[in-house]
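Hi,

Here is the structure I promised to pass on to you. Have a look around it first, and then read my notes below.

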Amino acid sequence: MTAFWFLAAVLVCLAISTRRVFHRGRICRTLRGELVKSQAEKRIADWLYLNHIEYRYEPLVYIAAGFLSRRTLARPDFYLPRFGAYIEYWGLVNFAGYRKRMMRKLAHYHERGLRVVSLYPSDMKNLPENLSRKLEEAH
């Protein structure tokens, strides 16, 4: 009986965290079978998959830590081990509050010496060419 309640608690926590994670966008399933938060992230993941580029979706990364600062965590959209680079899709760049958080996050990445490939809604029009070019520049 105890195992039943434990399993029930795990399922409730999973349902709550999934709802919290995917509350902003439309949930999409990639060709690799994982769930992502937007159609743009799906297109990026599918392109990486079809081009045999290994990636991790939303890895947890420490972006700021210091004597007087708290540890700050980020979840970049993708990590590409072969390139040693992260991909961030900035889909809401036209909103001031979002843009401010984006600039702060990019500054943290830069301070940590992390390579970041930034993609914007305008890049999605010709994703294969734009992403290929940006990955070559990052490599």
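Please keep in mind that this is a predicted model. Let's start with Thr30. Setting aside neighbours within four places in sequence, Thr30 is in contact with Val36, Lys42, Ala45, Asp46 and Tyr55. Thr30 sits in the loop that joins β1 (28-29) to β2 (35-36). Is Thr30 buried or exposed? Its relative accessible area is 5%, and under 20% counts as buried, so Thr30 is buried.

Next, find helix α3, which covers residues 96-111 and has 16 residues. From its first C-alpha to its last, α3 reaches 23 Å, close to the 22 Å expected at 1.5 Å a residue. Its buried residues are Tyr98, Met102, Lys105, His108 and Tyr109. Looking down the axis of α3, you will see these buried residues fall within an arc of 125°, so they line one face of the helix. On the face of α3 turned away from the buried side are the exposed residues Ala96, Lys100, His110 and Glu111. After α3 comes Gly113, with a positive phi near 70°.

Finally, look at a pair of helices. Helix α2 (residues 39-50) packs against helix α4 (residues 127-138) at an angle of about 70°, and their axes are 11 Å apart. The two helices, α2 and α4, are therefore roughly perpendicular to each other, and their crossing is right-handed. On the α2 side, the contact is made by Arg43, Ile44, Trp47 and Leu48. The α4 side contributes Leu127, Pro128, Leu131, Ser132 and Leu135.

Enjoy exploring!

Technical notes: Residues numbered from 1 in each chain as written. Predicted model: local features only at pLDDT ≥ 70, side-chain atom pairs only at ≥ 80, totals over all residues. Heavy atoms only, no water. Helix = DSSP H or I, 4+ residues; strand = E, 2+ residues; numbered from the N terminus. Buried < 20%, exposed > 50% of the residue type's maximum accessible area, 1.4 Å probe, protein only. Contact = heavy atoms within 4.5 Å. Expected span 1.5 Å × (residues − 1). Arc of directions from axis to C-beta. Axes fitted to C-alpha atoms, helices over the stretch in contact; angles between N-to-C directions. Parallel < 35°, antiparallel > 145°, perpendicular 65-115°, else oblique. Left-handed = near helix turned anticlockwise from the far one by under 90°.
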